[in-house]
Amino acid sequence: MNRMQSSLKSKHSCRNPFVFIWLLFLLASPYSAHAITYVETGTRDGDGIYTLLRRYELPTTQPYIESFCTLNKDRLDGDDTLVRGQFYQMPILVVRFDGQTIRSTLGIDDYDRAKELERYNKRMHLLGLRDELYTDDNRLWVPLHWFRDNPELKTPQDSDAEDTGESNPGKEYNFSIFGPKYSRVTVEDQRLKDCIFYLVSGHGGPDPGAIGKRGRYHLHEDEYAYDITLRLGRELIKHGALVYIIVRDPDDGIRDDAILKGDRDEYYWGNEAISRYTINRLEKRANILNALKHKNRFRSSNQYSIILHVDSRSGKKRVDIFYYYKQNDRIGKALALSMYRTVRDKYDEHQPGRGYKSLITTRNLYMLEHSQVNSVYIELGNIQNQRDQDRFVRANNRQAVANWLYLGVLDYIDP
């Protein structure tokens, strides 16, 4: 293999432990790497890490070297050298420009700092490192140190959004929210391009929701609703959608276990804590959805929320998936109807003669009444009924539910 030797010296190793601690802080901040796109570049003969950083007018300090190595850990040779013909991600975030100003895009008031970033983007264009100005392609370049030096900065995608940007089918992304086994997601097509989905799993944090009993184990509603929510989000991303997972767990990800262990460490999008009080929880979720709808109003008018819960009824009562929508929300109704029909048809296909006893109707629920986003509220089954429990404890069934709900969404968006 041909290599280009890096000018990296031993004292600037990519494995400096003190710098690694700094990088963990940076990547764990609200601007984590899985959330938005990085500038990608090819290499020239003789290029090393220092050369690339200097070319893009980035500091050649240890934090930047460390961040470069972390972003490209699967693309570097064993001694941290660059490989000929490989493309590398630079520690520069690509933020979607809102079409107005840099300050409104990033949510800052500092005019001088905004002008400095404007000059940086123009220099990158003059140097031929980017083909168009950010005002033409709506892609603002923001070096990582801006976020460390300016903690008030917020990106339009806000890092907690699972976003592939303007990607091409076949490109792979890494989303840590899905856990190590499922973190890598390959974009298959752009059928959901320009669609934004806010996915809300029920309960979480101090509230596990309904609890069912299966043998000597307890089944927590929030864990199973969350797992199916993640699986649904992953399917939407595969087809070009921008997805916000509103209730988030720092370490669970998608799990294939039958019994999903309950915990209390979930939090809201934006690193906000989940209240122990029901009305506060519901109000916060509705407020988050409304704020995101307003924030993304120039990005897309195709915004939807899907709220997933697990019902609790008499253990003898088996139910199928129920769909609720807000009265007079014709878009929410149409989306719910599309998902209902798809799931019904899938049951008919895979379990002929089973029948499908579902419900699709309006319902006066807080999240539907107070959210300004076109929404569908879904009850996935009865956590007390053993046959319904099979829908939850079997990972293949959880995936099937997510797949079918996604197909219902797709049939509505792109019939």
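My burial cut-offs come before anything else: buried means under 20% relative accessible area, exposed means over 50%, and partly exposed is in between (1.4 Å probe, protein chains only). This is a predicted model, so I keep to the rules that local features need pLDDT of at least 70 and side-chain atom pairs count only at pLDDT 80 or more, while totals for chains, interfaces and linings use all residues. Residues are numbered from 1 along each chain as its sequence is written, and side-chain values use heavy atoms, with hydrogens and water left out.

**Entry: salt bridges**

I call it a salt bridge when a side-chain nitrogen of Lys or Arg is within 4 Å of a carboxyl oxygen of Asp or Glu. With that rule I get 27 salt bridges.

Is arginine 130 buried or exposed? Arginine 130 counts as buried because its relative accessibility is 4%. Aspartate 137 is partly exposed, at 23%.

Next up was the salt bridge between Asp207 and Arg281, with 2.8 Å between the closest N and O atoms. Aspartate 207 sits in the loop between S9 and strand S10 (211-214) and arginine 281 in helix H9, so the pair ties together parts that are 74 residues apart in sequence. Both aspartate 207 and arginine 281 are buried.

Arg344 and Asp345 also form a salt bridge, at 3.2 Å from N to O. I find arginine 344 partly exposed at 28% and aspartate 345 partly exposed at 40%. I also noted one network, in which salt bridges that share partners join Lys181, Asp227, Arg231, Asp256 and Arg398.

**Entry: helix H9**

Helices here are DSSP runs of H or I with at least four residues, strands are runs of E with at least two, and numbering goes from the N terminus. How far apart should the ends of helix H9 be? The expected span is 1.5 Å times one less than the number of residues. For the 18 residues of H9 (278-295) that should be 26 Å, and the end C-alpha atoms are 26 Å apart, so the two agree.

The buried residues of H9 are Arg281, Arg285, Ala286, Ile288, Leu289, Asn290 and Leu292. I looked at what covers them: the cover includes strands S9 (195-201), S12 (242-245) and S15 (302-311), along with helix H11 (366-370).

**Entry: strand S12**

Leu242 and Tyr244 point one way from S12, Val243 and Ile245 point the other way, and all are buried. For pairing I need DSSP to find at least two bridges between two strands. S9 and S12 run parallel and are joined by four bridges, with tyrosine 198 bridged to tyrosine 244 in S12. Strand S6 (161-162) pairs with S12 in the antiparallel sense over two bridges; here glutamate 162 has valine 243 as its bridge partner.

**Entry: the S2-S4-S5 sheet**

S2, S4 and S5 form an open sheet in that order, with antiparallel pairing. At the edges are S2 (37-41) and S5 (139-143), each pairing on one side only. Five bridges join S4 (88-96) to S5, and isoleucine 92 has proline 143 as its bridge partner in S5.

The largest has 54 residues, of which Phe197, Leu236, Tyr323, Ile378 and Leu405 touch the most other members. Another core, of 37 residues, lies apart from it and has Ile49, Leu53, Leu58 and Leu76 among its members.

For contact I use heavy atoms within 4.5 Å. Which residues does isoleucine 321 contact, leaving aside neighbours within four places in sequence? Its contacts include Val343, Tyr356, Ile378, Leu380 and Val401. Isoleucine 321 lies in the loop between S15 and strand S16 (322-325) and counts as buried at 2%.

Threonine 342, in helix H10 (330-350), is buried too, at 11%. With neighbours within four places in sequence left out, threonine 342 contacts Trp404, Leu407, Gly408 and Asp411.

Terms used
Core = buried A, V, L, I, M, F, W, Y, C linked by side-chain atoms within 4.5 Å.
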